[in-house]
There are 2 protein chains.
Amino acid sequence: MRVIVPFDASEPKTRLAPVLSAAERDAFALAMLRDVCDALFALEYEPTVLSTTSIDSDADVVVDERGLTPALNDRLGEEPVAIVMADLALATAASLEPFFAAEGSVVLAPGLGGGTNALVVREPDFRVDFHGASVRDHRQLAADAEATLATVDSFRLALDVDEPGDLAEVLLHGEGSAAEWLREAGFEVAVVDGRVTAARSGDSPDETA
Amino acid sequence: MRVIVPFDASEPKTRLAPVLSAAERDAFALAMLRDVCDALFALEYEPTVLSTTSIDSDADVVVDERGLTPALNDRLGEEPVAIVMADLALATAASLEPFFAAEGSVVLAPGLGGGTNALVVREPDFRVDFHGASVRDHRQLAADAEATLATVDSFRLALDVDEPGDLAEVLLHGEGSAAEWLREAGFEVAVVDGRVTAARSGDSPDETA
């Protein structure tokens, strides 16, 4: 099956600006993309990164400057396609396997906050709409296309990394480049007022890695 | 297997105070407890609710006024025990089944924010410690007890409902009493500044149910 990994290469992860510089956000976003592609490679898929600008990647890269929804819908049709978001820093081969194995002409992996983090589209008439509570819209669009809908239940696929609060999850559960990148940048899990967060140590980042 | 559902009946869910009154928090917490117990009943378990004060429940209730950690550790020992938190409003029989089927002398279901939302303990020497980033502590305690550790990957089991932001997840994915309770209380999914949230409509709550 064709697997597309959409990647916003121009100013990625702006909501991480309170804790990461622009250059760091670029590097961290690429580390997450690498983890997603590595998990797909481990399952013997050959993902295509659909990027808004040219980037370096071990995967094939196709540049499309349009927004997520039109760029993806142009690539949906007769052939089955899987879409896996590039910021799933906890995605592993083991967590993606049930997603690809799920039976349904549309398979959804819901994201936290109402998003859709991964889809398999086997239904020729189905189109995506990534806006607002997209998981709800995709359920409706699947019903409209008379698709058989399957939903996978995965914490690893539910976590897309958008905000500083998400970084603690990467440190606690990540097994790849993104978690390593954060540790090398000096981030550690900290408990503040009973809540778990990711904090950058005041010490030299190199020593906390 | 014995299944314990710990429930804090005295002022439950205080972090929901910005959006729910004290009486509403009581009722909503009981609705979530009911969902968890119903999912366990559907799997033919007979859960015991370990509550800080006496409550009405379809399940057996045992009152223990102590904190979570000592109350639970007093009940761990030779016999296998499962612990399932009472605020897993998305828990279903289907999501709990792989948890109970997982092989390991300690099985963990991580919660968002570093918590531990469910455990199976088959290791006589293992004790729990619910404090801070408990998932990390439980991994270490499992290693100390020379347990074989299994971790289940479930979005439904990862979501414990603590904060207003969690309510949108219940509305989007819930299938039971807690989701119904929120709808009847007038909550709806809303998209504000591109983020999905749960908002109470200004209209009569009875009409939006």
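1. How many residues of chain B are in contact with chain A? The count is 26, and they meet 26 residues of chain A. Keep in mind that this is a predicted model.

2. Next, the area. About 2100 Å² is buried between chain B and chain A. Carbon and sulfur atoms give 56% of that. On the chain B side, Asp153(B), Phe155(B) and Leu172(B) lose the most area to chain A. Together these three account for 27% of what that side buries.

3. Now the polar side of the interface. Two salt bridges are counted between chain B and chain A. In a salt bridge, the side chain of Glu163(A) meets that of Arg195(B), at 2.8 Å from N to O. Residue pairs in polar contact across the interface number 14.

4. Which elements of chain B each supply at least two residues to the side that touches chain A? They are helices H4 (134-144), H5 (155-158) and H6 (166-173), with strands E8 (187-192) and E9 (195-200). By class, that side of chain B has 11 nonpolar, eight charged and seven polar residues.

5. On to the cores. The largest nonpolar core has 76 residues. Phe28(A), Phe99(B) and Phe100(B) touch the most other members. Helix H1 of chain B, residues 22-42, gives the most to this core, with six residues. A second, separate core holds 75 residues, including Val36(A), Val49(A), Ala102(A) and Leu119(A).

6. A closer look at Phe100(B). Leaving aside residues up to four places away in sequence, Phe100(B) touches Met1(B), Val3(B), Leu40(B), Leu43(B), Tyr45(B), Ala82(B), Val120(B) and Arg122(B). In soluble globular proteins, nonpolar side chains tend to be buried together.

Terms used. Residues are numbered from 1 along each chain as its sequence is written. Chains are lettered from A and ligands numbered from 1 in the order in which they are written. This is a predicted model: local features need pLDDT of at least 70, side-chain atom pairs count only at pLDDT 80 or more; totals for chains, interfaces and linings use all residues. Side-chain values use heavy atoms; hydrogens and water are left out. Contact means heavy atoms within 4.5 Å. Buried area is the accessible area (1.4 Å probe) that two parts lose on being put together, summed over both. A salt bridge is a side-chain nitrogen of Lys or Arg within 4 Å of a carboxyl oxygen of Asp or Glu. A polar contact is a pair of N or O atoms within 3.5 Å; within protein, one must be able to donate a hydrogen and the other to accept it, and residues adjacent in sequence count only if both atoms are side-chain atoms. Helices (H or I, at least four residues) and strands (E, at least two) are DSSP runs, numbered from the N terminus. Ala, Val, Leu, Ile, Met, Phe, Trp, Tyr, Cys and Pro count as nonpolar, Asp, Glu, Lys and Arg as charged, and the others, Gly among them, as polar. A nonpolar core is a set of buried Ala, Val, Leu, Ile, Met, Phe, Trp, Tyr and Cys residues joined through side-chain atoms within 4.5 Å. Buried means under 20% relative accessible area, exposed over 50%, partly exposed in between (1.4 Å probe, protein chains only).
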